[in-house]
Amino acid sequence: MSENSLQDPQSQAPEEACLNVAVLGGGSFGTALASIAADNGARVRQWLRDPQLAEQINREHRNGRYLPDYVINPAVSASVDMAWVLEDAALVLVAIPSKAFRDVVRQALPWINDRQILLTTTKGIQEDGFKLMSQILEEETGSTHIGVLSGPNLASEVADKQLTATVIASDDPLTRSRVQKALGCDYFRVYASNDRYGVELGGALKNIYAIAAGMAAALGMGENTRSMLMTRALAEMSRFAVELGANPMTFLGLAGVGDLIVTCSSKLSRNYRVGYALGEGRTLQEAVDALGQVAEGVNTVRLVRDKASREGIYMPLAEGLYQVLFEGASPRGMAKMLMLNEQSSDVEFVLSRQAVSQAHQEGDIHG
């Protein structure tokens, strides 16, 4: 695979082949990315499970299930034939919900090779072993060209070509640069990071706090409360991620605070909508059924809460959400409980929680 195969198509010589891109998944974000790659001159093939949806994309250039008003670039061809979709693909985007992610990657394995760039866009965690999607890609393929795409990327706004930024995170410089060339355009800006674990973990963790933000909105809480919630959520996210080996500076970027802001502020966020329904008094099942799509944050709450308990990581927001989602606690009662938590440090990487606790203890002694 040559460097020139990923250059701007307008600068290629006529005899040079365009970039071949495969997108695994027929959801909203995968569909939007497929069209962006095609806009950039790539030959794009998209794999879907549903033959009727694939036929609609090919015939009408629309994904009526997830992006009904979005006109897909006609150069995108959809199919249920995995071998055909992956044929000669130089870049493979895996946009599959976390529960089915490993199964689909295994289905694709016969047509995956060590020269391909493999990119996950899924913001979720596998329960068995607490594995992120890029770790699953690495385990299943053994590839050294693995990347993560994450950031404040509401698919409907990407489809509307509103100015959006994302992060490509990889240890591999070649993966970073080629994804930037393949997907970057005048409205979709692709920034680079080498903290793959931190970027991917940020994308999964923020879904938890979007549920909390939706609940707070439904309960009529004010702007001060929402600001506090997002800020403490960022502290909790970074505390958890750094304990597991991420770089704390990653959470000052698009995949940290950027993604957290959009998913906690927008009614387009699936996790926010689940939280809002819970705040209105619906059961978890009613909230999920009303959504009609996968809300990765619901499962992530349980996985992160359990992991934090095992590792001894202080996660009061995750614990409170777990009580609401799975133990029947009321959203309003959970909010009151959180207000009774200790008043500790603001930014732990400036002043540690331990230092604040010690000062309180000494103050009690001398008081």
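User: Hi! Which way do L91, V92, L93 and V94 point from strand 4, and are they buried or exposed?
Analyst: L91 and L93 point one way from strand 4 (residues 91–94), V92 and V94 point the other way, and all are buried. Buried means under 20% relative accessible area, exposed over 50% and partly exposed in between, with a 1.4 Å probe and protein chains only. This is a predicted model, where local features need pLDDT of at least 70 and side-chain atom pairs count only at pLDDT 80 or more, while totals for chains, interfaces and linings use all residues. Residues are numbered from 1 along each chain as its sequence is written, and side-chain values use heavy atoms, with hydrogens and water left out.

User: Thanks! Why would side chains alternate like that?
Analyst: In a regular strand the side chains alternate between the two faces of the sheet.

User: Which strands does strand 4 pair with?
Analyst: Strand 1 (residues 20–24) is joined to strand 4 by 4 bridges, and the two run parallel. Another 4 bridges join strand 4 to strand 5 (residues 117–120), also parallel. Strands are DSSP runs of E with at least two residues, helices are runs of H or I with at least four, and both are numbered from the N terminus. Two strands pair if DSSP finds at least two bridges between them.

User: And what's the strand order of the sheet?
Analyst: The open sheet has 8 strands in the order 3-2-1-4-5-8-9-10, with mixed pairing. Its edge strands are strand 3 (76–79) and strand 10 (188–193), each pairing on one side only.

User: Switching to helices: how do helix 8 and helix 9 cross?
Analyst: The axes of helix 8 (residues 196–218) and helix 9 (residues 223–243) come within 10 Å and cross at roughly 150°. Axes are lines fitted to C-alpha atoms, for helices over the stretch in contact, and angles run from 0 to 180 degrees between N-to-C directions. Helix 8 and helix 9 are therefore roughly antiparallel to each other; that label covers angles over 145 degrees, with under 35 roughly parallel, 65 to 115 roughly perpendicular and the rest oblique.

User: Nice. Which residues meet there?
Analyst: Among them, L201, L205 and Y209 in helix 8 meet residues of helix 9 including L229, M237 and F240. Contact means heavy atoms within 4.5 Å.

User: Last one: which strands does helix 5 lie across?
Analyst: Helix 5 (residues 133–141) lies across strand 4, strand 5 and strand 8, running at about 145° to strand 5.
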